[in-house]
Amino acid sequence: MKSSPPLVVLVLGGVAEREDCPDDASPLALAATPHLDRLAREGRVLRVRLVDDDALATTAAPFLALLGVDPAGAETSVASYLCTLAVLPLAAEECFVGAAFLSLFRDEVADIEPDLRPTEREVLVKDTAQAVARAGFRLHAGAPIAVAPRASVDPAAPHPEAMLGASIDAFEPGRPQHAFAHRLARQALDGHEVNEVRRDLGGNGADALWMWGPGGPARLDPPSDDRASTVGTDPAWRAVCAAAGLLLRAPQATTPPQMVKAVANALKRDAIVYLHVRRGVRDAHLRDLRRRAEGVAALDRHIVGPVAKAAADA
């Protein structure tokens, strides 16, 4: 009996975003996407559920749904999954929170997690960790998370993506210790040598640390198929997949050619391969609709087409 062909689940993050788009246009609608168009013509449309809750979109819920896990019965804090990438002790009264460096233009959030070199990040994390410890927050060196007393964390603090282009002061946490930790981090980062050197070289600095999304350790049932794997660079995606028991293939693959090769190799041994790719955060929030459409077209050209061929050849 002939076995079923392997399946590729392609997750294209950000391609359907409509922020700052006119009603009759979007980057996806305007982009040249011949490979996606062909797949749409030849494939079948299964059950579609549209969710208009912007807050839900920045949690782990979309990733869980893609893996067949009902978000209603699972932990949806991204930090709850990021903690699987590191070993952190957690007391009963503590929780995990997401932690990200922000670049500011005056007081507006201009970038999330600027492209820091490993040595730069190591120094900034060390100095920032010492600062926020005074407020009871423990910043982890190897993963974008922190540990804090649950009573000190404002659960209403938004995901950083919801703050892009707005004043950071408009989102100050409502709980004093949480707001104090953010102020301590900004003081430690203000005029930091790493930031000054980066600006001299024309790069963005890490001007603030933002912590959000309290949650506890996540536990998921293992996948029904033990031959499922994933390829992707997004830390949250990797963490959710790790909690679900998926194997991470080619963790060093970061460029489109490397990812396509990783998928092709995974298809030789795995029944299901998930590939997650996403346009850059800054690109997703550009006001220039044409440039955003070009980003979608690039994904279609460099990812969708080659992956579709790899799946057909498997």
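Predicted model: local features only at pLDDT ≥ 70, side-chain atom pairs only at ≥ 80, totals over all residues.

Residues are numbered from 1 along each chain as its sequence is written, and side-chain values use heavy atoms, with hydrogens and water left out. The secondary structure of the chain comes to twelve helices and nine strands, where helices (H or I, at least four residues) and strands (E, at least two) are DSSP runs numbered from the N terminus.

**The chain overall**

- Of the 314 residues in the chain, 44% are buried; buried stands for a relative accessible area under 20%, exposed for over 50%, and partly exposed for what lies in between, with a 1.4 Å probe and protein chains only.
- Among contacts in the chain with a separation of 6 or more, 70% come from residues 24 or more positions apart, a contact being heavy atoms within 4.5 Å.

**Helix α6 against helix α7**

- Helix α6 (residues 118-132) packs on helix α7 (residues 176-189) at an angle of about 140 degrees, and their axes are 8 Å apart; axes are lines fitted to C-alpha atoms, for helices over the stretch in contact, and angles run from 0 to 180 degrees between N-to-C directions.
- This angle makes α6 oblique to α7, given that angles under 35 degrees count as roughly parallel, over 145 as roughly antiparallel, 65 to 115 as roughly perpendicular and the rest as oblique.
- On the α6 side the contact is made by L124, D127, T128, A131 and V132, and on the α7 side by A181, L184, A185, A188 and L189.
- By class, the contact of α6 with α7 has eight nonpolar, one polar and one charged residues, where Ala, Val, Leu, Ile, Met, Phe, Trp, Tyr, Cys and Pro count as nonpolar, Asp, Glu, Lys and Arg as charged, and the others, Gly among them, as polar.
- Q187 also lies in helix α7 and is exposed, with a relative accessible area of 56%; Q187 and A131 are 56 residues apart in sequence and 8.3 Å apart in space, C-alpha to C-alpha.

**Helix α12 and its two partners**

- The axes of α10 and helix α12 (residues 289-313) come within 10 Å and cross at roughly 20 degrees, which makes α10 roughly parallel to α12.
- This contact brings P256, V260, V263 and A264 of α10 together with H302, I303, P306, V307 and A310 of α12, and its residues divide into eight nonpolar, one polar and no charged.
- Helix α2 (residues 34-42) and α12 have axes that come within 8 Å and cross at roughly 40 degrees, and the two helices are therefore oblique to each other.
- In the pairing of α2 with α12, P34, H35, L36, R38 and L39 in α2 meet D300, R301, V304, G305 and A308 in α12, a set that divides into five nonpolar, two polar and three charged residues.

**Two buried positions**

- D270 sits in the loop between α10 (256-266) and β9 (272-278) and is buried, with a relative accessible area of 3%.
- The side chain of D270 makes a polar contact of 2.6 Å with the side chain of S229 and another of 2.9 Å with the side chain of R249; a polar contact is a pair of N or O atoms within 3.5 Å, and within protein one must be able to donate a hydrogen and the other to accept it, with residues adjacent in sequence counting only if both atoms are side-chain atoms.
- Leaving aside neighbours within four places in sequence, D270 is in contact with P6, R227, S229 and R249.
- G232, found in strand β7 (residues 228-232), is buried at a relative accessible area of 2%, and, with neighbours within four places in sequence again left aside, G232 is in contact with R238, L248 and H276.

- Most residues other than glycine have a negative phi.
- E113, in the loop between β3 (108-112) and α6, has a positive phi of about 50 degrees although it is not a glycine, and is partly exposed, with a relative accessible area of 31%.
- A250, in the loop between β8 (247-248) and α10, has a positive phi of about 45 degrees and counts as partly exposed at 37% relative accessibility.
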